[in-house]
Amino acid sequence: MATRQAGPSRNLVRLSEIAQVAARHGFGYVLRRNRLGDLLPGRDGREEDVTASDRGRRLREMLDELGPTFVKFGQLLSTRPDVVPPDIVVELRGLQDDVTPFPFEQVREVVEEELGLTVERAFLELDELPIASASIGQVHRAVLPDGREVAVKVQRPAAERQVEADLGLLYQAAKLLQERVRALEFMDPRELVDEFARSIRLELDYGHEARNADAFHRNFAHEPGVVVPRVIHAYSTGRVLTLEFLHGTKVAELDLEALPPEQRRDIAYRMADAWMTMVFRHGFFHSDPHPANIFVLEPGELGLVDFGQAGKLTDEDMAKLTRLFLDAASENVDAIPRRLRDLGVRYDPAREDEFRGEIRVLFDRYYGLRLSDIDPLQVIREAFGLIYAMNLRLPSRFVMLDKAIATLASVGAEVYPDFNVFEVARPYARGLLTERFQPRVLAQRTWSEALALGDVARELPYQAHDVLERMRDGTIRIQFENPGLDELDEHLDRASNRLSVALIVLGGLLGSSIVGVFAEEGPRIMGLHALSFVGFVLSGAFGLWLVWGVIRHGRL
């Protein structure tokens, strides 16, 4: 799907409006410091500089004011501790995608257009008031002709058009940031917008959410204590999603003060148990354990909703995570950077010693403590700080896992203050380690690797033959890439050019001097032979040009 770009002048007007909102929230000085002050028509008297202690709160409030798409972009930023400071990450995770519902008449139009039936023929009942409303769609309770109670999620009529317009604006903003803000040179703002565009376009496709819901329903079909509503496919399309209705109370709406501590503890640990099952057993997890997406059902069950965002870990990912767990458990700190590289984490190789040292400091801080004595939220905050300080680049699947675990730890602690997500994860991690080293699993892994090596051995003679053929034909080409060599080549090229000009200047001066000494006939200028005078002038001009070039580039 191509992004529909608004006209440049319209985008600039909207960018100027955004800049004014930013200035009202205290970020005007940031814009002026980074050559973006031209977006501001003038200094607003209400402008107030933001302090480091409340910049996260100010940014969250600014995104709230800018509207739903920017709220969702802020939610994406809250999953990127590699590009956003830890204090801002924590604040952005408080962004709520709650907006004013759209009129029921528009709900009717979308439903009838998508299902090809009138609302009266499609449903026995369809409540006019929604039970939940967000930026992309809202949910209504309904009853099917066969008497089943369902939840119908209907997309806003202009959702796709509005998202594409906002994406065009974000791309233009990313271009400005990349061109003007030197502090963001370590990242690519356009790449961040690309990631957001892929994510929000998937959310616009309710067919994608339906497939995720089907997968979660299958995975928990035989798991007690977790209910995933079944998708009613006959009443679902790309813009309408119909699921079984869950009767319960959202965790966000629980009266926690009225609940006994034992019940609060039970809810928190059942939530954690559900997510650990997804991560360690299914390899497919709900990436947004927001308290509005989890229902407390009777008797003693949890219900899950909102499946637009999900993460997947492959068997290979789990094997690598196992090796990382083993090294962490045995405090083999030196091996951890290598294990993280195997998982796809990227960082500056020149900083590996610094990275290893920071990990060792983190380990030493918690050495000898029991899990029950460790504050998971503090550990997660320190991990975010390390990710940001080292500019670690995380693969998207692990970014989603990080978001899920961090949100789960926060929600669990809110429900039950003594909740410790690490204590719940420990038996699952231990079970994962045990399972990975069972004889059956080892034999299966050995057989798979033997087959892979056999494929390599079978292909090797043919690949060698191709290489020899290309060598004989003279068509083989070896390409070696190293950014440092390109820079060295540029420096050498510049130096050789300067040397050439210097030789020309020297030759001109020597030649002019010889002509001036030995030439006795011919016209003279200022007492010098004309040819000698012209030579001196040209040599002087080349010399001044060379000196100016050296001064301009700051190197003598």
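## Overview

Contact here means heavy atoms within 4.5 Å. With that in hand, welcome to a tour of this predicted model. The protein's secondary structure amounts to 19 helices and 13 strands. It has 556 residues, and 42% of them count as buried.

The exposed surface comes to about 31,100 Å², with carbon and sulfur atoms supplying 56% of that area. If you look at contacts between residues at least 6 apart in sequence, 66% of them join residues at least 24 apart.

Let's turn to one of the sheets. It is open, built from 4 strands in the order β5-β10-β9-β7, and its pairing is mixed. At the edges sit β5 (226-227) and β7 (249-250), each of which pairs on one side only. In general, strands of a sheet pair through backbone hydrogen bonds, in either a parallel or an antiparallel way.

Strand β9 (residues 294-297) and strand β10 (residues 301-304) run antiparallel and are joined by 4 bridges. Helix α10, spanning residues 261-282, lies across β5, β9 and β10. Relative to β10, helix α10 runs at about 55°.

## The α7 and α8 pair

Two packed helices are described by the angle between their axes and the distance between those axes. For helix α7 (residues 159-180) and helix α8 (residues 189-204), the axes come within 9 Å and cross at roughly 170°. Angles over 145 degrees count as roughly antiparallel, and α7 and α8 are therefore roughly antiparallel to each other.

Which residues in α7 and α8 meet? On the α7 side they include Val 163, Leu 167, Leu 170, Tyr 171 and Leu 177, along with Glu 160 and Glu 164. From α8 come, among them, Val 193, Phe 196, Ala 197, Ile 200 and Leu 204, together with Arg 190, Asp 194 and Arg 201. By class, the contact of α7 with α8 has 13 nonpolar, 1 polar and 5 charged residues.

## A closer look at Leu 66

Our last stop is Leu 66, found in helix α2 (residues 55-66). Is Leu 66 buried or exposed? Its relative accessibility is 9%, so Leu 66 counts as buried, given that the cut-off for buried is under 20%.

Leaving aside neighbours within four places in sequence, Leu 66 is in contact with Arg 14, Ile 18 and Val 21. Val 21 is 45 residues from Leu 66 along the chain, yet their C-alpha atoms are separated by 7.7 Å.

Conventions:
Residues are numbered from 1 along each chain as its sequence is written. This is a predicted model: local features need pLDDT of at least 70, side-chain atom pairs count only at pLDDT 80 or more; totals for chains, interfaces and linings use all residues. Side-chain values use heavy atoms; hydrogens and water are left out. Axes are lines fitted to C-alpha atoms, for helices over the stretch in contact, and angles run from 0 to 180 degrees between N-to-C directions. Helices (H or I, at least four residues) and strands (E, at least two) are DSSP runs, numbered from the N terminus. Angles under 35 degrees count as roughly parallel, over 145 as roughly antiparallel, 65 to 115 as roughly perpendicular and the rest as oblique. Ala, Val, Leu, Ile, Met, Phe, Trp, Tyr, Cys and Pro count as nonpolar, Asp, Glu, Lys and Arg as charged, and the others, Gly among them, as polar. Two strands pair if DSSP finds at least two bridges between them. Buried means under 20% relative accessible area, exposed over 50%, partly exposed in between (1.4 Å probe, protein chains only). Accessible areas come from the Shrake-Rupley method with a 1.4 Å probe; for residues, only the protein chains shown count as cover.
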